Amino acid sequence: MKHENPTASMGRARSGKDGKRPRLFSSLRAELSVLIAITTVLAFLIAWMLDIIGINSWMAMPLTITITLIFMYCTSRSFTRPLRQMRDAAESMAQGDYSARVRLRKSTNDEIGQLARSFNVMAEELEHADQMRRDMIANVSHELRTPVSALQAMVENMADGVVEPTPANMENILKQTHRLSDLISFLLDMSRVEAGASSLELERLNVAELIDETVGPLEYADAGHGHTIEQRVPDDLVVEGDEARLRQLLTNIIANALKHSRDDTAVLVEAHAGERGDTVIINVVNFGSDIPKEVRDDIFRRFVKGTSGPGTESGGTGLGLSIARWAAKLHGGTVQVVDDPRGVDFEITLPVRPPEPQPRQETATGRNTEAAYDGQ
């Protein structure tokens, strides 16, 4: 660890990060008011001194104006410097360079300083999103290349008569087409998440039956890892929602638990009614190491892929949990990681009856700004 001279640290604390003294005011209006007052006093002093030395008013006035304008121009540059940097950074970002930042002293706390800090935060988010988009394209290209290459090789071998179209070979082709179908579904879901648009076909659903129907295919696909999925769900628990979206929500959460569980271990799916009876709470627990609190929100971000545990393969495109949270929000619910001494606990909270769609609002261009319940 690097140590530094306390005297130097105190000097920087008094003079700011770049050696300049910090501003005394946290409001741009106050700073401009003080600057105008100082300029007015300076103009008076200059005019008074020119009068003392005997310069007539016709020459004193332009000299006073010129000197005060130079003073105003030099002192106001510190106010406009962040604005010029934001202009240059915005032009760079418009050309695809998201690494541009506004260099700012920590002591600058006026409105321009706050705007510059917000600009830097926005630039960091855009840079992160652009990097994740690049990674997503690379991942999807890699994932698509594998099944397409396998399909091409199998079909070419059959067409050339190298292999026979046996049931086993046809089953391999079917598996590859399923992989392609899953990847295309992920891309479609990503586009819906980006647009924030989807419609809900609401119906009354038995939670136990919904979970059981969701768990079945997952157990079949996960047979090679020896996981068991234990269900503790009351038979009379009912929720109103879109079956396809809720099945997608449960599938992504449970599949994530299976991916990050050791082989030959169990995953628990339990559900119960909320305290007031107007919500249904579903917990998906895999009995492993906990997720640190500081990264619990990050794992729901798009394209963020977690590390896999021993005996598992994370894989995927990093969209599963993001899509799960999106599906829950469509129903007015939430998905979050909660503290649980047993292990990693994903808690899904769904209202028994989803809220009514918000009335649509029209912008000046006539485009609908509330698209959460638009058709797909």
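Predicted model: local features only at pLDDT ≥ 70, side-chain atom pairs only at ≥ 80, totals over all residues.
Q: Which residues of H6 are called buried?
A: Buried means under 20% relative accessible area, exposed means over 50%, and partly exposed lies in between (1.4 Å probe, protein chains only). In H6 the buried residues are Val207, Ala208, Leu210, Ile211, Thr214, Val215 and Leu218. They pack against strands S1 (202-206), S2 (228-232), S3 (238-242), S4 (266-273) and S5 (279-286), and against helix H7 (243-259). Across the protein chain, buried residues make up 34% of the 376 residues.

Q: What makes asparagine 206 a cap of H6?
A: A side-chain oxygen of asparagine 206 lies 3.1 Å from the backbone nitrogen of alanine 208, at the N-terminal end of H6.

Q: Why is alanine 271 called buried?
A: Its relative accessible area is 6%, so alanine 271 counts as buried. Alanine 271 lies in strand S4. Leaving aside neighbours within four places in sequence, alanine 271 is in contact (heavy atoms within 4.5 Å) with Val207, Arg232, Val233, Pro234, Leu237, Ile281 and Ile282. Alanine 271 and valine 207 are 64 residues apart in sequence, yet 8.2 Å apart C-alpha to C-alpha.

Q: What makes the pair glutamate 213 and arginine 247 a salt bridge?
A: A salt bridge needs a side-chain nitrogen of Lys or Arg within 4 Å of a carboxyl oxygen of Asp or Glu. The N to O distance between glutamate 213 and arginine 247 is 3.1 Å, and their side chains meet in a salt bridge. Glutamate 213 lies in helix H6 and arginine 247 in helix H7, so the pair ties together parts 34 residues apart in sequence. Glu213, Glu243 and Arg247 are linked in a network of salt bridges. The structure holds nine salt bridges.

Q: Why do glutamate 213 and arginine 247 count as partly exposed?
A: Glutamate 213 has 43% relative accessibility, so it counts as partly exposed. At 23%, arginine 247 also counts as partly exposed.

Q: How do you know that glutamate 240 and arginine 353 meet in a salt bridge?
A: Their side chains come to 3.1 Å, N to O. The pair links glutamate 240 in strand S3 with arginine 353 in the segment after strand S7 (344-351), 113 residues apart. Glutamate 240 is buried, with a relative accessible area of 17%. Arginine 353 counts as exposed at 55%.

Q: What do the side chains of glutamate 127 and arginine 101 form?
A: They meet in a salt bridge at 2.5 Å, N to O. Glutamate 127 is in helix H4 and arginine 101 in the loop between H3 and H4, 26 residues apart. Glutamate 127 is partly exposed at 32%. Arginine 101 is partly exposed at 25%.

Q: Why is aspartate 264 called exposed?
A: Aspartate 264 has 63% relative accessibility, so it counts as exposed. Aspartate 264 lies in the loop between H7 and S4.

Q: What is the phi of aspartate 264?
A: Its phi is positive, about 65°, although aspartate 264 is not a glycine. Most residues other than glycine have a negative phi.

Key: Residues numbered from 1 in each chain as written. Heavy atoms only, no water. Helix = DSSP H or I, 4+ residues; strand = E, 2+ residues; numbered from the N terminus. Polar contact = N/O pair within 3.5 Å; in protein donor to acceptor, adjacent residues only side chain to side chain.
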